[in-house]
Amino acid sequence: MLRRFLPAATTLLGLLVVALGIASATLWKASSTVHAVVTPTGGGNVVITAPGVLDLVAPDVTIRASAPGSRVVLAIGRDTDVAGWAAGSSFVRVTGLSSWTRLATEAGPTVAAGASASPTAGASASATATARSQSTSAATADPAVSDNWLVQAGGDNAATLTWSNRPGRWSVLAASVGDEATMPELELSWPHPVGTPWLVPAIALGGALLVAGLGLLSLQVLRARSPQLVEAWRTGVPVPAGAATPSGGVPDAAPAHTEQGTLTRRQLRERERSHQDVPVVATPERLARLRARLVTSALALLSPATQRVGTPTPSPRVATPTPSVPAPGRATSPSSQPSSLPFPGPAAPRPAAPAPAPVAAAARWGAPPPDSQLLPVPPAPVAPVAGAPVEHQSTAASIRADAWRRAWGFPGIASGTDNATEDTADQGEGR
Amino acid sequence: MSTRRRLTAAALIGVLGLLLTSCAADLPIPHPDPEPAVPRPALDVQEISAVLRSVGAALKAGDAKNNPAPLAARLSGPALASRTAEYLVSAKSADPSLRTELPVGTQTVIAPDTNTWPRALVVVTEQPQNLQTPRILTLVQDDARSPYRLWGWARLLPDTRMPPTATPAAGTVPLAPNATGLLVSPKDVVTRYADVLAKGDSSTFAASFAPDVFRKQLAATLAATTKGLVQGLGSAAKVAETYHPRAGELYSFSTLDGGALVIAGMTTTTSLTLSGGKVEFQNDVAALLGTTTVSSSATFVWSDVVVFSVPPKGSSAKIQLLAAEHVRTAITGK
């Protein structure tokens with residue numbers, strides 16, 4: 001059952017993978033900008049970043065701080081300077097990303113308003129210095145007056161700053177200034193070059209699946225429509241009803257059009273009627289072999305049942321017990337195709353086919369097939385006799401006979417088992 | 001067949017899973033540069049220029065009206081005291097030349113390699129327009145939230161040479177007051193120099209200091225004052241002068257020759273005691289004193305800034321006074 005749906009499933013899977021790949025590069029593609037925000041709560045008015053946060057995603061960062069109702073100052077300086085400045089207030093420190101849209105923070109030591117604001121690193125600060133910083137440690141302290149910042153920006157309600165990373169340890173300080181200053185909201189935005197690592201692999205894989213699925217699908221259909229062609233492909237023989245003369249055994253037979261003259265009218269008609277004469281144009285041996293291998297392995301994937309169901313064999317199904325033939329027996333029909341051509345031309349244009357059987361067939365075409373006595377009696381049970389254990393020659397002969405019958409509109413006959421015929425084919429190819 | 005089906009299903013799930021998980025990349029974590037073993041300069045050249053421009057602007061604003069109010073933002077310590085006194089004097093006599101000209105263009109900059117406070121930045125200025133010797137400006141940031149303020153200035157003494165110091169980009173390591181590896185620790189340099197000033201050549205430390213113009217001038221001024229008073233008042237007038245390094249006002253930097261540049265604040269007090277008669281003052285002194293005559297005593301307070309070049313330990317060289325400033329900041333008397 002699974003095999004019957006394999007072509008369709010493979011095709012669908014291929015489509016799905018391609019679609020997923022395209023979606024990964026379009027719909028699901030991450031934003032080319034990373035915006036990360038933190039909205040600290042608390043009594044302080046200062047937000048700083050740890051060193052390394054500013055170039056977390058990309059060297060260029062846009063910083064925005066907003067605190068409605070107060071003046072906002074943004075400043076970038078050495079991490080020690082920023083930490084030293086912030087130590088005078090209650091502050092929040094941004095330590096990294098908690099998600100792609102949120103900044104992770106940790107609270108700095110709480111500094112009560114008016115309490116001694118001894119800077120972390122300024123332990124050696126003189127008494128006067130401490131006294132001075134005390135007087136400015138309230139929320140009204142304006143970092144903008146400091147000499148320590150490389151760049152700074154200020155504005156009412158919000159401020160924006162851009163920064164390109166440079167060697168060193170840098171931090172940003174965002175402070176809201178005013179009597180009723182609240183914690184500013186800090187937003188960092190980085191351009192984020194987003195790759196599409198899955199696009200090419202997904203399209204390649206999906207495309208391969210798609211091609212394989214479509215190939216299997218068309219093979220399935222083709223096998224149902226014209227099993228002979230498929231079989232011809234499978235055995236690697238370009239077969240068809242091309243050459244009429246027994247001299248076809250000559251390697252590298254002339255192209256079809258040079259043979260035109262030797263074709264009977266019927267043969268020409270046949271050729272026109274059926275696309276099966278496509279292989280009349282000799283396929284290069286190597287290509288044929290490759291095709292044979294491909295088709296063989298593809299057929300191995302396909303359900304034999306499909307063929308049984310879908311194959312309208314060229315022969316009208318006479319009211320014979322054929323339908324009742326056990327499935328395995330019928331499954332041999334593909335392998336019986338090589339000679340079941342519309343017209344069993346005796347000479348393959350390219351007789352150097354890996355399987356010598358057709359060559360032999362060509363040589364023998366003049367004589368009626370030895371199995372022809374089977375013709376009136378199509379019962380299946382006979383076929384197993386020609387099965388695996390039987391020597392290939394006779395098997396091939398029965399296959400040819402069958403093909404011959406089909407070609408002439410007689411009911412096809414099932415000969416041999418699936419395994420047996422496949423073995424024959426495989427061995428023939430193996431040679 | 002069932003195993004194959006299972007395998008197929010597993011493969012499908014695997015492919016889909018990979019596609020889905022690929023959409024969520026790992027969050028980056030900060031990778032800051034490592035902390036340097038020696039701190040980077042606290043200020044880069046641009047920041048130093050900005051600081052000096054601000055100081056220059058504050059001085060200009062104050063100079064315009066002899067008003068010390070604008071100075072507080074950018075001046076402190078002896079510089080603020082000296083400038084305030086100079087304003088008082090120059091306002092009284094309407095003579096701007098009584099103010100020390102303080103250019104802010106730089107010849108040499110010593111940027112401190114430090115993460116801590118207070119921080120001191122030293123600048124050797126270009127030559128002033130009045131063709132006096134260049135100044136050594138010392139700017140101090142008391143704490144992380146303070147601006148750099150001009151703490152003191154000193155004039156380079158003639159025939160002195162600045163010891164070689166590192167470029168501002170590299171920065172100079174500040175030294176502790178008790179730093180070793182020097183002929184004399186920075187703290188001791190100042191106290192010993194004060195002793196030499198007080199005792200002259202009879203000081204035990206006199207031999208370790210090279211002779212300098214500043215010391216000579218102080219001694220000469222004191223001698224002249226004493227001589228003048230004695231001439232006028234005889235034994236009724238007594239003059240004494242003391243020299244005290246000011247606590248906490250000491251900034252030292254290592255120099256490239258292994259020595260140190262030591263900058264210190266010092267207070268010189270000149271006391272005048274009269275047991276009879278009176279002394280009349282004019283001009284600048286009168287401006288600071290608030291009156292013109294005293295009959296019992298007068299105290300002159302000078303704010304000094306002294307800059308030394310201290311050789312490394314083991315050197316046979318002497319400690320050299322590179323620059324000094326001696327500004328009268330207060331006079332009291334009655």
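Contact here means heavy atoms within 4.5 Å. Keep that rule at hand for the loops and helices below. This is a predicted model, where local features need pLDDT of at least 70, side-chain atom pairs count only at pLDDT 80 or more, and totals for chains, interfaces and linings use all residues. Residues are numbered from 1 along each chain as its sequence is written, chains are lettered from A and ligands numbered from 1 in the order in which they are written, and side-chain values use heavy atoms, with hydrogens and water left out.

Confidence comes first. The predictor gives the complex an ipTM of 0.80 and a pTM of 0.63. Chain B has a mean pLDDT of 88, where pLDDT is the predictor's confidence in each residue, from 0 to 100. In chain B, 94% of the residues reach 70 or more.

Start in chain B, at B:Thr160. This residue sits in the loop between strand E4 (149–156) and strand E5 (174–175) of chain B. Helices (H or I, at least four residues) and strands (E, at least two) are DSSP runs, numbered from the N terminus. What does B:Thr160 touch, leaving out residues up to four places away in sequence? Its contacts are B:Gln320, B:Leu321 and B:Leu322. B:Gln320 is 160 residues from B:Thr160 along the chain, yet their C-alpha atoms are separated by 8.1 Å. The side chain of B:Thr160 also reaches the backbone oxygen of B:Leu157, at 2.6 Å. That is a polar contact: a pair of N or O atoms within 3.5 Å, where within protein one must be able to donate a hydrogen and the other to accept it, and residues adjacent in sequence count only if both atoms are side-chain atoms. B:Thr160 is partly exposed, with a relative accessible area of 23%. Buried means under 20% relative accessible area, exposed over 50%, and partly exposed in between (1.4 Å probe, protein chains only).

Now move to B:Arg215, in helix H5 (residues 213–233) of chain B. Its relative accessibility is 17%, so B:Arg215 counts as buried. Residues up to four places away in sequence aside, B:Arg215 touches B:Tyr193, B:Val196, B:Leu197, B:Gly200, B:Asp201 and B:Ala210.

Chain A is next. Its secondary structure comes to 13 helices and eight strands. Of its 431 residues, 49% are buried. Take the contacts in chain A with a separation of 6 or more: residues 24 or more positions apart account for 82% of them. The accessible surface of chain A comes to about 19400 Å², and 63% of that belongs to carbon and sulfur atoms. Accessible areas come from the Shrake-Rupley method with a 1.4 Å probe; for residues, only the protein chains shown count as cover.

Why is helix H5 (residues 227–235) of chain A largely enclosed by the rest of the structure? Eight of its nine residues are buried. Among them are A:Pro227, A:Leu229, A:Glu231 and A:Arg234.

Charged pairs come next. Side chains of opposite charge can pair when their charged atoms come close. A salt bridge is a side-chain nitrogen of Lys or Arg within 4 Å of a carboxyl oxygen of Asp or Glu. By this rule the count over all chains is 15.

One salt bridge joins A:Arg71 and A:Asp142, at 3.0 Å from N to O. A:Arg71 lies in strand E3 (residues 60–78) of chain A, and A:Asp142 in the loop between helix H3 (127–136) and strand E6 (149–164), so the pair ties together parts that are 71 residues apart in sequence. A:Arg71 is partly exposed at 31%. A:Asp142 is partly exposed too, at 22%.

A:Arg169 and A:Asp79 form another salt bridge, with the closest N and O atoms 3.0 Å apart. A:Arg169 is in the loop between E6 and strand E7 (170–177) of chain A, while A:Asp79 is in helix H2 (residues 79–86), 90 residues apart. Both A:Arg169 and A:Asp79 are buried.

A:Glu106 is partly exposed at 37%, and A:Arg93 is partly exposed at 29%. Elsewhere, salt bridges that share partners join A:Arg78, A:Asp81, B:Glu47 and B:Arg119 into one network.

Finish on the surface of chain A. A:Leu294 lies in helix H8 (residues 285–301). A:Leu294 is exposed, with a relative accessible area of 53%.
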